[in-house]
Amino acid sequence: MKKYDFLIVGSGLFGSVFAHEMTKMGKKCLVIEKRDHKGGNVYCESVEGINVHKYGPHIFHTNDKGIWDYVNSFVEFNNFIYSPLANYQGQLFNLPFNMNTFYQLWKIGNPKEVEKKIKEQIEKENITAPQNLEDQAISMVGADIYNVFIKGYTEKQWGRKAKELPKFIIKRLPVRFTYDNNYFNDTYQGIPIGGYNKLIDGLLDGIEVRTGVDFFKDRNELIQITDRVVFTGKLDEFYDYKFGHLQYRSLRFEHKYLNLPNYQGVAGINFTDLNVPYTRIIEHKHFEFGKQKGTVITKEYPQEWSLGSEAFYPINDRMNMERLGVYQRLAKKEEKVIFGGRLAEYKYYDMHQVIASALSKVKKIIQADTMP
Ligand code: FAD
């Protein structure tokens, strides 16, 4: 008999939920993690008592009461509501696009008049068959909103001109005709009190975790000690990139401690002008209504991805999706390996979705295992 029922590669939310649930079912799990800490991309580093979201700001939001109760069973969440601002050439606007934004942009305060203004702008451009992201966005919200809020930000995000980007990137551009700055529409929102590490610690409580261990360095020995592997790393890497790389967009974070209590008065400001090289500044203490003496801010710079840099956003264009299909066909044939999470599925998942996906995977496996 093998020492472990499951070797779980990766201690992000997928791996941690999977390990927790299987341990509850009496299975023996070992979690390995190549970074020097648990938690994957939700990990927070404590700096002078401030939880710094090291891999990008994370706001938990869901409409699923079951998932909300699940995470709250490990750590209590606060009532933080994400209401970021946009800074365009020094002027501040509320986000997401709502009556506050439109008033700041046009000094029009009446919803009907704003609707009329947007409609006129869309009609003026008369784009009937959008060919690229720029056309697509203008045909949905008109030129003013596009030029102030979308063009520069998107071009920085993708490192390409909006006219060269495919239109499928923008499927929806929600505009609200109410004075409502709540970024997400979900019923349940918040940040774990004390940070995301508490959630991960709760999930992995009592489970053997080895950090600083890369599956690929000790692959042969590791598969000897386990019955099954749960792999949450990169799918193409699992197959030694033999059909080529799956591509990503990456980010660089510049974190800075400042000796002042409040830098920008809000958790997030997006910089929508192309001439500012970063896309946003995050001030972490505001996620938890922090009262510390100092503050930590992070400037976020989108980057080209290359092998070795952090893989953040999958690029779902045709070439990558075809390549993914080839790898997925191989993955389907594996009998002792389960693939899950954002990297193994090459899919953008929000936290509530990745938790739901891990719970559903566990359920399926348990059902299959108990079938006569
Ligand atoms: P990960 O967290 O990436 O975990 C995978 C783990 O596997 C990593 O720790 C990695 O080091 C490890 N690993 C990989 N390969 C190996 C190997 N060979 N050996 C050992 N270990 C390995 N979601 C929200 O709901 N709200 C938000 O506000 C939000 N903001 C985001 C902001 C940014 C910038 C990004 C990129 C994502 C954001 N998300 C947000 C999404 C959220 O980060 C993901 O849903 C979640 O982290 C996915 O968890 P995971 O376990 O699939 O992946």
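**Sheets, domains and ligand shell of the predicted model**

An open sheet of 5 strands, arranged in the order β9-β2-β1-β10-β16, shows parallel pairing, where strands (E, at least two residues) and helices (H or I, at least four residues) are DSSP runs numbered from the N terminus, and two strands pair if DSSP finds at least two bridges between them. Because β9 (208–211) and β16 (337–339) stand at the edges with a single partner strand each, one side of each is left without a neighbour in the sheet. From one strand to the next the twist averages 20 degrees, with axes fitted as lines to C-alpha atoms and angles running from 0 to 180 degrees between N-to-C directions. Strand β10 (residues 226–231) pairs with β16 in the parallel sense over 3 bridges, and Phe231 has Phe339 of β16 as its bridge partner.

The model is a predicted one, in which local features need pLDDT of at least 70 and side-chain atom pairs count only at pLDDT 80 or more, while totals for chains, interfaces and linings use all residues. Residues are numbered from 1 along each chain as its sequence is written.

A further open sheet is formed by 7 strands in the order β7-β6-β12-β13-β14-β11-β15, with mixed pairing. Here β7 and β15 (313–314) stand at the edges, each with a single partner strand, so one side of each is left without a neighbour in the sheet. Within this sheet, strands β12 (residues 268–271) and β13 (residues 280–283) run antiparallel and are joined by 3 bridges; the bridge partner of Asn270 is Arg280 in β13.

The domain assignment, which is automatic or taken from a database, divides the protein chain into domain 1 (4–80 + 189–247 + 308–370) and domain 2 (96–169). The centres of domain 1 and domain 2, taken over C-alpha atoms, are separated by 36 Å.

In helix α3 (residues 99–106), Met99, Asn100, Thr101 and Phe102 are buried, that is, 20 or more other C-beta atoms, placed from the backbone, lie within 10 Å of the residue's own. The cover over the buried residues of α3 includes β7 (91–94) and α4 (111–125). Just after α3, Lys107 takes a positive phi of about 60 degrees.

The ligand is surrounded by 34 residues, of which the closest are Gly10, Gly12, Gly40, Gly56 and Gly233; a residue is near the molecule if its C-beta atom, placed from the backbone, lies within 6 Å of it. The elements giving two or more residues to this shell are α1 (13–24), β2 (29–33) and α11 (351–370).

Technical notes. Buried ≥ 20, exposed ≤ 12 C-beta atoms within 10 Å, placed from the backbone. Contact = placed C-beta atoms within 7 Å.
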